[in-house]
Amino acid sequence: MAVTQGQARTYHQTALGRMVLGDALDALAAVDADSVNLIMTSPPFGLVRKKGYGNADAAEYVDWFRPFGAAFKRVLKDKGSLVIDIGGSWIPGQPTRSLYHFKLLIMLCEEFGFHLAQEVYWWNPSKLPTPAEWVTVRRIRVKDAVNCVWWLSPTPWPKAGNRRVLQPYSPSMKELLARGYKAMKRPSGHDISEHFNRDNGAAIPPNLMAVANTDSNGSYLRYCKEQGIAPHPARYPVDVPEFFVRMLTDVGDLVVDPFAGSCVTGEVCERLGRRWICIDLVEDYLRGAVGRFETRTDDLRDGKGSAADRNYYRIPRPGILWNGAEDAPLPADGGEKRPANMTAARAKTKPEGRKSRLASREPTAELFERGGRLT
Ligand SMILES: C[S@@+](CC[C@H](N)C(=O)[O-])C[C@H]1O[C@@H](n2cnc3c(N)ncnc32)[C@H](O)[C@@H]1O
């Protein structure tokens with residue numbers, strides 16, 4: 001994989017943006033101070049198993065990131081935002097998590113004065129059950145399927161509006177609106193007034209985004225195949241940057257993705273009328289990214305499945321199915337000793353009869369699952 005050294009240069013240009021080939025620190029040095037409305041990015045993660053583009057080791061991650069923190073602070077407008085999608089990682093050889101992404105967040109706030117506007121979580125329902133050793137072999141951890149998305153800002157008052165990212169009411173909320181909700185003070189102390197009964201046409205989303213990272217880049221993949229280019233191995237789905245570009249910028253604003261990979265951020269901005277700069281070190285990634293701007297941008301949403309499947313996820317209550325005998329003991333050593341013969345171990349823990357446990361639902365708890373209402 002050819003990593004570009006030396007001067008950053010414009011690689012490709014569109015009506016609204018440009019791709020820059022080179023190190024983000026060099027490229028950002030040429031961007032005016034206080035000129036950027038949003039930095040929307042997914043940096044290389046401190047993964048245990050390194051990917052082709054060379055992740056900084058988790059322990060050194062914060063040191064590696066520090067100069068980028070300074071560059072981001074310099075180019076951002078006061079009312080701008082810095083949004084970082086970052087996956088967690090595991091400590092090599094043991095079933096515990098690295099703290100690197102939390103340390104990154106704390107470093108950016110404490111050393112560069114960023115404010116944590118909000119932490120958002122991106123749940124990828126299509127994530128595979130990894131790391132296999134802890135999740136599927138020893139069965140002592142659950143699937144790691146959520147990325148942290150740190151939304152930071154130079155001041156406590158970044159430009160933002162949640163009316164740009166509304167979602168449909170859930171069926172139970174619609175039912176409640178039809179039935180009418182009796183105003184009352186809840187045991188939690190929350191005062192639910194009769195305003196709760198007002199149908200505002202849509203709901204305010206929670207800080208959990210459910211987006212499957214499957215085939216949301218159909219036209220990009222087609223282009224890479226036609227051109228014989230290997231697709232970028234760690235793309236995020238368009239819905240992730242689109243949420244923040246819509247909520248945090250206006251038409252004509254400037255968005256920068258310093259670790260742009262296949263330029264998903266650029267493609268979203270081009271479609272939404274925002275100016276953009278996408279920077280990456282690896283020419284092959286930008287070569288493939290050019291395809292995003294040679295096809296119709298409304299091709300972006302050509303994922304598989306019906307519209308209903310793509311627009312909704314059903315989230316089961318945790319632990320709703322119990323796949324094991326109620327009294328089967330937990331591994332007393334915390335799973336430290338790997339069962340010698342996995343087949344024998346599996347046979348031992350196989351439930352005699354598959355039991356399921358469905359707790360009774362409390363209608364009041366359900367109300368709060370739906371998130372807030374428009375005011
Ligand atoms: C997680 S990927 C981004 C993927 C991108 N969000 C997408 O959807 O295609 C991180 C990218 O950062 C790039 N990168 C790493 N260090 C860089 C640097 N110093 N300057 C510019 N790009 C860098 C890597 O080449 C890689 O493509």
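This is a predicted model: local features need pLDDT of at least 70, side-chain atom pairs count only at pLDDT 80 or more; totals for chains, interfaces and linings use all residues.

**Helix pair α2 and α3**

I started where Y61, V62, F65, R66, G69, A70 and K73 in α2 meet Y100, K103, L104, M107, L108, E111 and F112 in α3. For the classes, Ala, Val, Leu, Ile, Met, Phe, Trp, Tyr, Cys and Pro are nonpolar, Asp, Glu, Lys and Arg are charged, and the others, Gly among them, are polar.

I then looked up the geometry: helix α2 (residues 61-75) and helix α3 (residues 100-112) pack at an angle of about 40 degrees, with their axes 10 Å apart. The axes are lines fitted to C-alpha atoms, for helices over the stretch in contact, and the angles run from 0 to 180 degrees between N-to-C directions. α2 and α3 are therefore oblique to each other. The angle classes are roughly parallel under 35 degrees, roughly antiparallel over 145, roughly perpendicular from 65 to 115, and oblique for the rest. I put the crossing of α2 and α3 down as right-handed. A crossing is right-handed if the near helix is turned clockwise from the far one by less than a right angle, and left-handed if anticlockwise.

**What I am working with**

My residue numbers run from 1 along each chain as its sequence is written.

I listed 12 helices and 11 strands for the chain. These are DSSP runs numbered from the N terminus, helices being H or I of at least four residues and strands E of at least two. Buried residues make up 29% of the 375 residues in the chain. My cut-offs for burial are 20 or more other C-beta atoms within 10 Å of a residue's own for buried, 12 or fewer for exposed, and partly exposed in between, with C-beta atoms placed from the backbone. Among contacts in the chain with a separation of 6 or more, 74% join residues 24 or more positions apart.

**Helix α7**

How many of the 10 residues of helix α7 are buried? I found 9 of the 10 (the helix covers residues 239-248), so α7 is largely enclosed by the rest of the structure. The buried ones are D239, V240, P241, E242, F243, F244, V245, M247 and L248. They pack against β3 (36-41), β4 (76-86), β5 (115-123), β9 (208-210), β10 (254-257) and α8 (264-272).

I followed up on α8: the axes of α7 and α8 come within 9 Å and cross at roughly 45 degrees. That makes α7 oblique to α8. This crossing, too, I noted as right-handed. P241, E242, V245 and R246 of α7 make the contact with V264, T265, V268, C269 and L272 of α8. By class, I have 6 nonpolar, 1 polar and 2 charged residues there.

**Ligand shell and G261**

I found 21 residues around the ligand, and the closest are A24, R235, F259, G261 and S262. The shell divides into 14 nonpolar, 4 polar and 3 charged residues.

I picked out G261, which sits in the loop between β10 and α8. It counts as buried because it has 25 C-beta neighbours inside 10 Å. Leaving aside residues up to four places away in sequence, G261 touches H232, A234, R235, D280 and Y285.

Most residues other than glycine have a negative phi, and most peptide bonds are trans. I looked for exceptions. A cis peptide bond joins T130 and P131, with omega about -5 degrees, and P131 is in the loop between β5 and α4 (132-137).

D34, in the loop between α1 (24-29) and β3, has a positive phi near 50 degrees. With 12 C-beta neighbours inside 10 Å, D34 counts as exposed. R139 has a positive phi of about 60 degrees and lies in the loop between α4 and β6 (146-153). With 17 C-beta neighbours inside 10 Å, R139 counts as partly exposed.

Note on methods. A residue is near a molecule or strand if its C-beta atom, placed from the backbone, lies within 6 Å of it. Two residues are in contact if their C-beta atoms, placed from the backbone, lie within 7 Å.
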